[in-house]
Amino acid sequence: MIHPRTLQALEFDKIVAALASRCISAPGRALAAALKPLPDPGAAHSALQLYEQAALWAAAPEPGSSRPFALGSFPDVSGLLSSAGAVSPAGQRRAAPDTEAFWALRELLRLAARAHASIATPEAARQWPLLLELAEATPLPAQLTAALNRCISDDALLKDESSPELYRLRNEVRRLHQSCLKKVKDFARQYNLVPYLQDDFMTLSSDRYVLPLKANFKGRVQGIIHDWSQTGETCYFEPLFLVEINNRLQELKHEEREEERRVLAYLGELLATELDGARGALALLAELDLLQAKRRLAEALDARCVPLTPSEEGIALMGARHPLLVLARTGQEGREGVPPSGKAHNVAQPVRPLDIILRPGERVLVITGANAGGKTVCLKTLGLVAAMTMSGLPAPVARGSHLPWFGRLDAFIGDEQSLDGNVSTFTAQIDHLAKAWKHLDAQGLVLLDEFGAGTDPAQGAALAQAVLDGLLDKRCFALSATHFPALKSYALTREGVRAASMLFDPATRKPLYALAYDQVGASQALDAAREHGLPEDILRRAEHYLLQDGQDATALLGRLNALAAQREEELAALRKERESARASAAQAKERLEKERGRLHEETRRHAAELMRAWKEGRATAKQSLKEMSRLRASLAPAVDEGVDSVLPEARELAIGQEVFHTTFNKRGVVTDVDERRGRVRLDMDGVSLWAERRDLREAAAPGGPKSPRPGRATPVSGRLASPAREEAATMRLDVRGERAPEAIAATERFLDKALRAGFSELEIVHGRGTGALRRELQAFLRAHPAVASASLAPEDRGGDGLTIVVLR
């Protein structure tokens with residue numbers, strides 16, 4: 001838990017106000033205002049997961065649309081739902097709501113139905129299960145929604161179709177109106193009343209049809225005067241022939257009102273029946289409004305969820321920024337622009353990110369440094385980030401951050417003096433710490449801002465050290481900002497405690513608002529006094545007294561600060577270079593993917609065109625294959641450009657050496673060398689071919705040379721190809737010892753590779769044996785559409801143990 005006094009010291013209420021101001025509905029603002037730290041890590045983890053899943057859902061398109069679901073404003077019907085079904089003190093059911101209340105409920109239920117449909121998609125259980133669970137917690141009131149859509153019009157009136165009786169009554173009123181209008185026109189023409197009418201024939205007065213006649217016509221026709229205009233120039237006159245019609249109209253109007261009351265009573269009873277569903281719809285929209293406000297707040301803060309990890313992993317807040325300072329800098333704290341209070345808050349300064357780190361095994365961080373250097377901001381930043389994380393809110397930190405779960409958080413920050421209670425700042429801190437002490441354990445976090453500074457420095461420093469010792473014994477996490485020299489030594493020597501210093505610029509003596517770890521800093525009190533205009537003679541006397549006491553270590557600490565500041569600059573430069581390198585690599589990868597996609601699309605388009613030309617008879621199979629070979633050769637340099645630039649050219653070639661063939665983008669083993677022609681025979685996974693030296697690169701294989709697979713290619717070592725065969729590149733496949741089906745499958749794959757590579761002549765070694773494998777292979781080859789001929793080789797090239805294949 002977090003004590004309300006701690007939340008007040010951390011100004012958590014301003015975070016809540018900023019969140020509530022980003023809600024679009026009164027129910028959403030009420031949920032935001034009630035936000036507080038959750039009771040256990042499971043609840044906080046679920047809340048953070050729900051936020052991340054809701055953000056994923058908010059970016060997904062709504063079913064039936066290309067845009068995401070947008071939650072607009074919706075009416076607050078909480079009052080209607082509270083009174084629905086309530087019974088008066090006399091035991092009677094209260095009157096049904098009016099049509100405007102039901103119209104507001106209709107709008108809410110319509111929006112809730114849309115929201116539910118956009119959440120409950122087929123992929124919901126996989127992508128946003130917690131949001132789906134929230135949406136389906138209470139079934140929406142289907143009957144009530146249908147009834148409201150049928151009965152309530154867009155202008156908040158009852159529709160004619162609300163009931164058959166209401167439809168009949170309104171139709172009769174309309175028929176009566178038309179009949180009355182016809183009779184009035186006939187009457188006006190018969191008695192020549194048109195010149196005396198102020199308006200078109202007929203109007204309503206006291207809910208009765210009347211004629212607006214000029215005042216000087218009074219007494220010329222028998223009837224009833226109902227009213228006069230304000231000027232007295234017009235009287236509203238009901239002729240006797242309209243009396244009966246108006247009486248009938250009143251009867252119909254009375255029946256209509258009674259029927260409308262029955263319809264509203266029916267809707268009220270239906271609402272009472274499905275009240276839980278209506279409340280669930282309101283709760284769903286309020287939760288979605290709150291989640292949307294969280295996303296808007298996260299955008300303003302550039303925030304993300306902080307993972308909760310075991311306490312043994314320590315604390316790591318990378319690039320943490322004080323949330324209220326960020327909002328104040330952007331003018332977005334709530335809607336009032338009130339800057340956060342606190343002595344170290346200075347909105348004129350940039351919001352510098354801090355790395356707040358306690359490594360595994362460390363529990364206490366002691367922060368030292370100059371006044372107004374940012375020590376209190378550091379404490380409040382950790383406290384607020386922890387409170388926001390425990391409340392299910394994203395916090396302004398960088399990636400790589402994590403926090404343990406804090407079962408209790410206590411902050412002793414600011415002036416807690418109370419004149420009314422006769423309590424000093426020191427006494428108030430001790431009183432609050434004493435009350436919290438028994439509740440602190442390994443899941444506690446204590447923030448101490450200059451604890452013990454309100455009393456004798458020696459006793460205050462001793463008390464502060466003893467308190468930190470006690471917190472270490474409890475395995476409690478603590479951050480302590482101090483100016484005590486004794487605590488500075490304590491932080492450098494005590495196991496489990498880490499020291500950190502707020503840096504300042506060695507040249508200008510201005511604070512840098514950055515932490516340097518494993519060192520302590522000077523308080524810079526005299527520099528602060530000089531900056532704020534204290535007379536120079538007083539400062540010289542202070543320096544004199546300081547030297548007399550022998551406590552001036554400013555020079556040493558200043559040197560340490562300068563070294564730390566230089567290190568921080570170097571680290572910042574290295575981080576910048578690393579980010580630049582990452583961005584360049586990402587851009588290069590993106591360009592490579594785009595180029596790869598372009599080449600793929602271009603190859604696919606050319607291949608499709610060649611296929612159409614072959615099918616339509618505009619090109620022979622051999623022409624199509626040659627064109628594909630030419631296309632492959634034209635694309636190969638672009639594809640292999642990266643390989644050529646990385647691997648060195650193969651200069652010394654020997655049998656058994658592994659090389660890289662840039663044209664085929666594969667590794668191979670040298671099996672024969674033709675020095676005169678500058679070519680070598682390669683074995684590439686069972687495929688044997690002659691390759692030009694210029695197409696080979698050294699293979700950077702960590703495991704050494706790669707041997708050919710046994711039982712696949714067995715080239716004839718030491719024998720060079722004849723001059724006739726050297727004019728055309730050849731490939732060889734060895735299928736000896738294999739069964740016919742396996743050999744035919746390997747031959748089919750071999751032909752495909754040869755066609756893609758543009759070879760025209762192939763060698764298939766099948767051996768002599770019984771001749772069964774040879775016959776099966778030659779039958780397959782002669783039937784293949786890409787094979788022009790398949791014949792046995794001459795005796796000097798292998799005889800009937802080898803088949804020479806010529807492609808079309």
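**The whole protein**

Begin with everything displayed, bearing in mind that this is a predicted model. In cartoon view, the protein shows 25 helices and 21 strands. Its 808 residues include 44% that count as buried. The accessible surface amounts to about 41,400 Å², and carbon and sulfur atoms hold 53% of that area. Among contacts between residues at least 6 apart in sequence, 67% link residues at least 24 apart.

**Helix 6 and helix 12**

Select residues 99-119, which form helix 6, together with residues 275-301, which form helix 12. The axes of these two helices come within 9 Å and cross at roughly 65°. Helix 6 is therefore roughly perpendicular to helix 12. The crossing of helix 6 past helix 12 is left-handed.

Now display the side chains where the two helices meet. Helix 6 contributes Leu108, Leu109, Leu111, Ala112, Ala115 and Ile119, while helix 12 contributes Ala278, Ala281, Leu282, Leu284, Leu285 and Leu288. Which classes of residue make up this contact of helix 6 with helix 12? Twelve are nonpolar, and there are no polar and no charged residues.

Next select Val77, which belongs to the loop between helix 4 (41-59) and helix 5 (78-83). Is Val77 buried or exposed? Val77 has a relative accessible area of 3%, and residues under 20% count as buried, so Val77 is buried.

Leaving aside residues up to four places away in sequence, Val77 touches Ala104, Leu105, Leu108 and Leu282.

**Helix 10 and helix 11**

Move on to helix 10 (residues 164-190) and helix 11 (residues 240-273), whose axes are 10 Å apart and form an angle of about 160°. Helix 10 and helix 11 are therefore roughly antiparallel to each other. Helix 10, too, passes its partner, helix 11, in a left-handed crossing.

Display the side chains in the contact. On the helix 10 side they include Glu165, Arg168, Leu169, Val173, Lys183 and Phe187, and on the helix 11 side they include Phe241, Ile245, Arg248, Leu252, Glu255 and Glu259. By class, this contact of helix 10 with helix 11 comprises twelve nonpolar, no polar and ten charged residues.

**Two loop residues with positive phi**

For the last stops, select Asp302, in the loop between helix 12 and strand 5 (315-320). What is the phi of Asp302? Phi is near 50°, a positive value in a residue other than glycine. Asp302 is partly exposed, with a relative accessible area of 47%.

Finally, select Glu450, which sits in the loop between strand 9 (444-449) and helix 16 (457-473). Glu450 is not a glycine, yet its phi is positive, at about 55°. With a relative accessible area of 24%, Glu450 is partly exposed.

Definitions and conventions: Residues are numbered from 1 along each chain as its sequence is written. This is a predicted model: local features need pLDDT of at least 70, side-chain atom pairs count only at pLDDT 80 or more; totals for chains, interfaces and linings use all residues. Side-chain values use heavy atoms; hydrogens and water are left out. Axes are lines fitted to C-alpha atoms, for helices over the stretch in contact, and angles run from 0 to 180 degrees between N-to-C directions. Helices (H or I, at least four residues) and strands (E, at least two) are DSSP runs, numbered from the N terminus. Angles under 35 degrees count as roughly parallel, over 145 as roughly antiparallel, 65 to 115 as roughly perpendicular and the rest as oblique. A crossing is left-handed if the near helix is turned anticlockwise from the far one by less than a right angle, and right-handed if clockwise. Contact means heavy atoms within 4.5 Å. Ala, Val, Leu, Ile, Met, Phe, Trp, Tyr, Cys and Pro count as nonpolar, Asp, Glu, Lys and Arg as charged, and the others, Gly among them, as polar. Buried means under 20% relative accessible area, exposed over 50%, partly exposed in between (1.4 Å probe, protein chains only). Accessible areas come from the Shrake-Rupley method with a 1.4 Å probe; for residues, only the protein chains shown count as cover.
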